[in-house]
Amino acid sequence: MSFDTPDDLRYLDSHEWVRVTDGTARIGISDFAQDELGDVVFVDVPAEGEEISAGDSFGVVESIKAVSDLYAPVSGTVTDRNGALESEPELLNEDPYGEGWLLEVELADESELDDLLGADDYADQIA
Amino acid sequence: MALRQSPLADAHADRGAKTTDFGGWEMPVEFDSIRAEHEAVRTAAGKFDVSHMGELLVSGPEAAELTDRLVTNEVRDRSRGEACYAAICDDGGVMLDDTVVYHLPDGWLDGSHLVVPNAGHDAEMATHWRDHRDEWGLDATVDNHTESLAMIAVQGPEAPALLASEIDDTSAAADSDLDALGRFEATVVDVAGVECLVANTGYTGEPGFELLVPWDRTTTVWDALDCQPCGLGARDTLRLEMGFLLSGQDFDPEENPRTPFEADIGFAVDLDTEFVGRDALARVSDPDERLQGLRLEARGVPREGYPVTTPDGDPLGTVTSGTMSPTLGEGIGLAYLPADLEPGTEIAVEIRGEGKEARTCATPFLDR
């Protein structure tokens with residue numbers, strides 16, 4: 001099976017992605033990750049104003065069968081989280097790079113992006 | 001050690017199933033999605049490969065007596081074609097496994113008794129049976145057929161009609177046999193041309209059957225059952241919504257030794273029969289702790305090992321099984337809790353260090 005890995009994103013080897021627009025980083029989990037987890041039923045991520053730190057666990061995503069920690073690809077202050085996931089956690093399975101995004105942070109240090117994987121390298125990792 | 005393989009392993013791989021190690025067997029955990037498979041069984045029909053279940057054939061003049069003395073339920077007086085659920089206990093009344101025991105119909109494996117232990121328990125239980133046979137000097141033979149009999153469950157409101165449609169016209173009597181088959185009754189019919197033992201049993205709470213199939217004909221029967229294939233993931237959410245026990249998880253002689261009364265299956269214990277563990281059980285029929293259902297009122301999912309406390313945080317027990325119920329859309333679980341707690345008691349489940357509001361409840365979680 002092959003999984004979608006959009007070119008415009010940066011990836012963490014623990015399967016989170018980040019998309020940066022004007023200093024704001026939107027974070028989610030990859031197509032591969034949602035498939036591994038199966039039916040997502042619960043998402044727990046920090047509220048607006050909380051800090052996340054690159055490489056640290058910032059929340060969990062739970063499927064019917066498992067709990068999985070979420071790791072921050074970048075550091076920053078949470079500016080928004082995807083409220084739709086509270087009632088529709090399945091968006092994470094249906095559209096992991098779109099409507100299934102997790103949260104947005106104001107980037108603390110743009111140079112952290114250099115430590116992340118590009119789409120090709122990430123695709124190689126999950127191949 | 002290499003994992004044991006179902007006769008359907010290649011078919012499952014072709015179908016793209018994800019597999020897992022279950023009791024030493026490589027079995028499908030998910031074909032499409034747990035939710036889709038779960039819903040198919042609750043609303044239509046699904047088929048499960050449960051070839052990991054053990055099959056011990058106990059035959060000979062004293063087969064019934066031997067088996068009767070090794071399980072908690074009454075076996076000896078059951079007619080041919082009758083089955084029962086039972087626990088297998090040690091001398092102290094601790095459950096080693098749970099099982100369904102069939103008194104086989106005439107003409108199928110000589111009408112002996114068939115004991116069906118859980119995945120990975122077949123060799124241990126065969127030894128348990130043989131050791132007691134020798135100790136008691138009974139005339140019985142114990143053969144392990146776990147890798148010559150496969151098992152397929154077909155479950156769901158549409159399962160009876162689906163199975164009936166695959167029963168060969170030449171065995172015209174068989175169709176009506178299926179209709180007349182009571183709960184925990186078994187009969188022999190041809191399914192897609194393969195002679196199977198069909199039992200009105202299951203692990204989902206839905207109407208349906210479990211089929212014992214000759215190992216080398218399993219693919220024929222599996223392919224003929226035209227419905228959603230389901231893996232162990234859906235099997236677990238379905239059984240948990242019914243509050244059914246999972247051996248090795250809700251009880252385990254090493255990790256979590258429990259009596260059948262604690263596990264809330266006292267209905268499967270007949271203290272009027274003589275069996276290993278009977279005397280110990282007679283003294284503990286009113287246990288201090290009992291397996292109870294719980295429903296999370298906060299958002300979240302109870303999982304195995306999570307602490308259960310009072311709302312103030314005083315320890316009460318530990319979750320043995322938990323999931324997000326696909327049918328109810330809320331977190332449900334089982335836990336050994338003080339037996340005097342009434343259903344509806346406010347409790348808390350500690351999830352990642354935080355007490356989440358929950359209540360005890362009666363099982364099954366669904367009306368079925």
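This is a predicted model: local features need pLDDT of at least 70, side-chain atom pairs count only at pLDDT 80 or more; totals for chains, interfaces and linings use all residues.
Reader: What confidence does the predictor give the complex and chain B?

Author: The complex has an ipTM of 0.89 and a pTM of 0.95. Chain B averages a pLDDT of 95, and 98% of the residues score at least 70.

Reader: What makes A:G28 count as buried?

Author: A residue is buried if 20 or more other C-beta atoms lie within 10 Å of its own. A:G28 has 27 C-beta neighbours inside 10 Å, so A:G28 counts as buried.

Reader: Where is A:G28 found, and with which residues is A:G28 in contact, leaving aside its neighbours within four places in sequence?

Author: Strand β3 of chain A, residues 24–29, holds A:G28. With neighbours within four places in sequence set aside, its contacts are A:W17, A:P96, A:Y97, A:G100, A:W101 and A:L102. A contact here requires C-beta atoms within 7 Å. A separate value concerns A:E16, 12 residues apart from A:G28 along the chain: the two C-alpha atoms are separated by 5.6 Å.

Reader: How do you know that β4 and β6 of chain A pair?

Author: Pairing requires at least two bridges between two strands. β4(A) and β6(A), the latter covering residues 57–63, have four bridges in the antiparallel sense, so by the criterion of at least two bridges they pair.

Reader: What makes strand β7 of chain B mostly covered?

Author: The count of buried residues: nine of the nine residues in β7(B), 95–103, are buried. The cut-off for each is again 20 or more other C-beta atoms within 10 Å.

Reader: Which strands pair with β7(B), and over how many bridges?

Author: β6(B), residues 82–89, pairs with β7(B) over eight bridges in the antiparallel sense. B:A86 has B:T99 in β7(B) as its bridge partner. β7(B) is also joined by four bridges to β8(B), residues 113–116, again antiparallel; there B:Y102 stands opposite B:L114. With at least two bridges as the requirement, both count as pairs.

Reader: What lies between β6(B) and β7(B) in the hairpin?

Author: Five residues lie between the two strands, and B:G93 in the turn has a positive phi of about 85 degrees.

Reader: Which domains does the assignment give for chain B, and how many residues of domain 1 and domain 3 are in contact?

Author: The assignment gives domain 1 (4–53 + 148–241), domain 2 (56–144) and domain 3 (288–361). Eight residues of domain 1 are in contact with six of domain 3. On the domain 1 side, α2 (34–43) and α8 (232–241) of chain B give two or more residues. That side divides into one nonpolar, two polar and five charged residues. The C-alpha centres of domain 1 and domain 3 lie 32 Å apart.

Reader: How many residues of chain A are in contact with chain B, and how do they divide by class?

Author: Eight residues of chain A are in contact with 13 residues of chain B. The chain A side has four nonpolar, one polar and three charged residues.

Notes:
Residues are numbered from 1 along each chain as its sequence is written. Chains are lettered from A and ligands numbered from 1 in the order in which they are written. Domain bounds come from an automatic or database domain assignment. Two residues are in contact if their C-beta atoms, placed from the backbone, lie within 7 Å. Ala, Val, Leu, Ile, Met, Phe, Trp, Tyr, Cys and Pro count as nonpolar, Asp, Glu, Lys and Arg as charged, and the others, Gly among them, as polar. A residue is buried if 20 or more other C-beta atoms lie within 10 Å of its own, exposed if 12 or fewer, and partly exposed in between; C-beta atoms are placed from the backbone. pLDDT is the predictor's confidence in each residue, from 0 to 100.
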